[in-house]
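Let us walk through this structure step by step. We start with some annotated positions and end at a helix.

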Amino acid sequence: MSRYAHPAGPRHADVLPEDNPPRPPRDLGELSAHVWPATARRGADGELVVGGVGARALAAEYGTPLFVMDEQDFRARARAYRTAFSDAEADVYYAGKALLTKAVARWVLEEGLKLDVCSGGELAVALAAGFPPERIGMHGNNKSEAELERAVEVGVGRIIVDSFDEIERLERIAARLDRVPRVLVRVTTGVEAHTHEFVATAHDDQKFGLALSTGAADEAVRRVLAAPHIELVGLHSHIGSQIFDTAGFDVAARRVAEFMVRVIAETGAQLPELDLGGGLGIAYVPDDTPLEPEAIAKSLLGIVRHECESHGLPMPRIAVEPGRALSGPAGVTLYEVGTVKDVEGIRTYVSVDGGMSDNIRTALYGAEYTCALASRTGSGAPMLSRLVGKHCESGDIIVHDLYLPADIRPGDLVAVAATGAYCFSMASNYNHLPRPALVAVADGAARTLVRRETEEDLLRLDIG
């Protein structure tokens, strides 16, 4: 949660922060290197430039709000993960739920990664991009008959089963199609990690996975092994999101290894794959300190190797699923300022032409972001501000507390960093706002990945 989060609701504007707001930065124009995309810099007149393309040119050609992806940054992060795990029997799956388009799927494939999808729609995008189905993993806590049937038909490389119902459903479909899909059982270890903290109890009460503590995971393994048209190849464990260290993985890996011992002792089956999931964090604000891929790989592989040696198990093939860690830092959202409203003695509200329809994370999670004036160099003193959207909700906030130049005015462009994950993919048409375009920038050129929606697009589906 945000350090300055307020409860969303009708009285939102009446609730002031319990803590003091952050101190103003020394330089309002500074672009923290680990928050902004790798190619981000200040150009002439202080204009934000990403991928060699200026913010003003992007807004003029594509309009605002606008999702901008630094292709070079995304690819470099994918290569860093591939390289970090290259010395081991390991796979890196990009978690497509963070951001998935046909172009993004091709970037993932070209950089040598595999791909996770969690719905029939995400699978359709991957297949339309030409992604090899054998390099795809499919997640989901409630996969439909149609989703499972298509996954089996096209030969998805692995399916992560999440319930007894799904095991029965998948066996029935596989028998009818005369296929034998490879599956992992998703195990709930009782460990949940959030940034720097983890707790080891009271987290079986969730919709994902099969709990170790209740014996559900043991029973799931027995049912999969008893199903003649399903091949059990391993276990899956996911402990949380926006994780800045691997302490929680240590506990989870130990519990999964102990579970592997029980499975082998009871059934004689082998489990050659272990997927430790994703959720690895990124920097949204300068104080965030995410781990580098090399450190993550060294820690995770060391944890699993130690636990396997302790229990006399062969080292399984490890998989990880970075999503946000690849796409998040590569993304920037551009907005145009429409209204600047000073609330005397409190702060100034800077309203932009988007909001919770293109970034719901602040309202949902109290997420924090870094924002900067993008179209020019501001000459005013730092002004305590709140960046808000245009939706008819008092909780329509993009950045709770930030400093912008006191001379900010309507028509200026602002940019919010680290929006490449879960902004485009969670965008909505709330208040009937068309969803923004998504463009990629690289080597001084921009190209459309997904075009901006129009009012005609909205009305086309309204047949009433």
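Buried means under 20% relative accessible area, exposed means over 50%, and partly exposed lies in between (1.4 Å probe, protein chains only). This is a predicted model: local features need pLDDT of at least 70, side-chain atom pairs count only at pLDDT 80 or more, and totals for chains, interfaces and linings use all residues. Residues are numbered from 1 along each chain as its sequence is written, and side-chain values use heavy atoms, with hydrogens and water left out.

An unreviewed UniProt entry annotates Arg324, Arg361, Tyr365, Glu393 and Tyr422 as "binding site". These residues span 99 residues in sequence, and the farthest two C-alpha atoms are 27.1 Å apart, so they do not all gather at one spot. UniProt positions use the numbering given here, feature names are shortened, and annotations may be inferred rather than shown by experiment.

Take Arg324. Its relative accessibility is 10%, so Arg324 counts as buried. Arg324 sits in helix α10 (residues 324–327). Helices (H or I, at least four residues) and strands (E, at least two) are DSSP runs, numbered from the N terminus. Contact means heavy atoms within 4.5 Å. Leaving aside neighbours within four places in sequence, Arg324 contacts residues including Arg361 and Tyr422.

Now Glu393. Glu393 lies in the loop between β20 (382–388) and β21 (397–405). Glu393 is partly exposed, at 40% relative accessible area. Not counting residues up to four places away in sequence, Glu393 touches Met356 and Tyr430.

Last, helix α6 (residues 164–177). Its buried residues include Ile167, Leu170 and Ile173. The buried residues of α6 pack against α5 (145–154), β8 (158–161), β9 (182–188) and α7 (216–226). After α6 comes Asp178, with a positive phi near 55°.
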